[in-house]
Amino acid sequence: MVGSPGQTVEHIIEDLLFIEKLRPEMIGIGPFLPHHDTPFAEYPSGTAEQTILLLSIFRLMHPEVLLPSTTALATLSPDGRERGILAGANVVMPNLSPRDQRDKYTLYDNKASLGAEAAEGLQQLEEKLAAIGYRISKERGDYSYV
């Protein structure tokens, strides 16, 4: 969670080095967003800019990794998902939970779970990505080592 309370540049460097050593198949990174029921409720959100910068760094470090442009990024900025894709993310994950159950899964306040962030908005998501020159592949996206 980029911009988490207490996070420093040194922490981010340690995380980059850890990910380099681990070489995971998927790297999930998104901005910190507070939730009202946690001790972090009064802390400011992370920024889209710092998250997008780190997405691009991870893409350069790991050209084959699955790298999501997260719902948190879409929550923070109306064009956050598209900016994440343009920075190197190659995965989007619409919310597949039934609409009447989504409020049970709010990890942070004001979570984007309607429109292009939701399964019923797949056409809208396809249109948003087409507008920046991308298309959705519905293949599994399995990772393969080169």
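Mentor: R23 counts as partly exposed, because its relative accessibility is 43%; buried means under 20% relative accessible area, exposed means over 50%, and partly exposed is in between (1.4 Å probe, protein chains only). Before we go on, keep in mind that this is a predicted model, where local features need pLDDT of at least 70 and side-chain atom pairs count only at pLDDT 80 or more, while totals for chains, interfaces and linings use all residues. Residues are numbered from 1 along each chain as its sequence is written, and side-chain values use heavy atoms, with hydrogens and water left out.

R23 sits in the loop between helix 1 and helix 2; helices (H or I, at least four residues) and strands (E, at least two) are DSSP runs, numbered from the N terminus. The backbone deserves a look here: R23 has a phi near 55°, which is positive although the residue is not glycine. As a rule, most residues other than glycine have a negative phi.

Now turn to a partner of R23. H62 touches R23, and also I19, E20 and I27, leaving aside residues up to four places away in sequence; contact means heavy atoms within 4.5 Å. H62 belongs to the loop between helix 2 and helix 3. Its relative accessibility is 4%, so H62 counts as buried.

Helix 1 (residues 9-22) and helix 2 (residues 48-61) have axes that come within 11 Å and cross at roughly 30°; axes are lines fitted to C-alpha atoms, for helices over the stretch in contact, and angles run from 0 to 180 degrees between N-to-C directions. Helix 1 is therefore roughly parallel to helix 2, since angles under 35 degrees count as roughly parallel, over 145 as roughly antiparallel, 65 to 115 as roughly perpendicular and the rest as oblique. The crossing of helix 1 and helix 2 is right-handed, meaning that the near helix is turned clockwise from the far one by less than a right angle.

On the helix 1 side, the contact is made by I12, L16, I19 and E20, and these meet Q50, L54, I57, F58 and M61 of helix 2. Sorted by type, the residues of this contact are seven nonpolar, one polar and one charged.

Helix 2 also holds T51, which is buried at a relative accessible area of 0%. Beyond four places in sequence, T51 touches V2, I29, G30, P31 and L73.

S77 is found in the loop between helix 3 (71-76) and helix 4 (80-86). The C-alpha atoms of S77 and A48 are 6.9 Å apart, although 29 residues separate them along the chain. With 10% relative accessibility, S77 counts as buried.

Finally, the wider setting. The protein has five helices and zero strands, and 38% of its 146 residues count as buried. Among contacts with a separation of 6 or more, 62% join residues 24 or more positions apart.

Definitions and conventions
Nonpolar A, V, L, I, M, F, W, Y, C, P; charged D, E, K, R; others polar.
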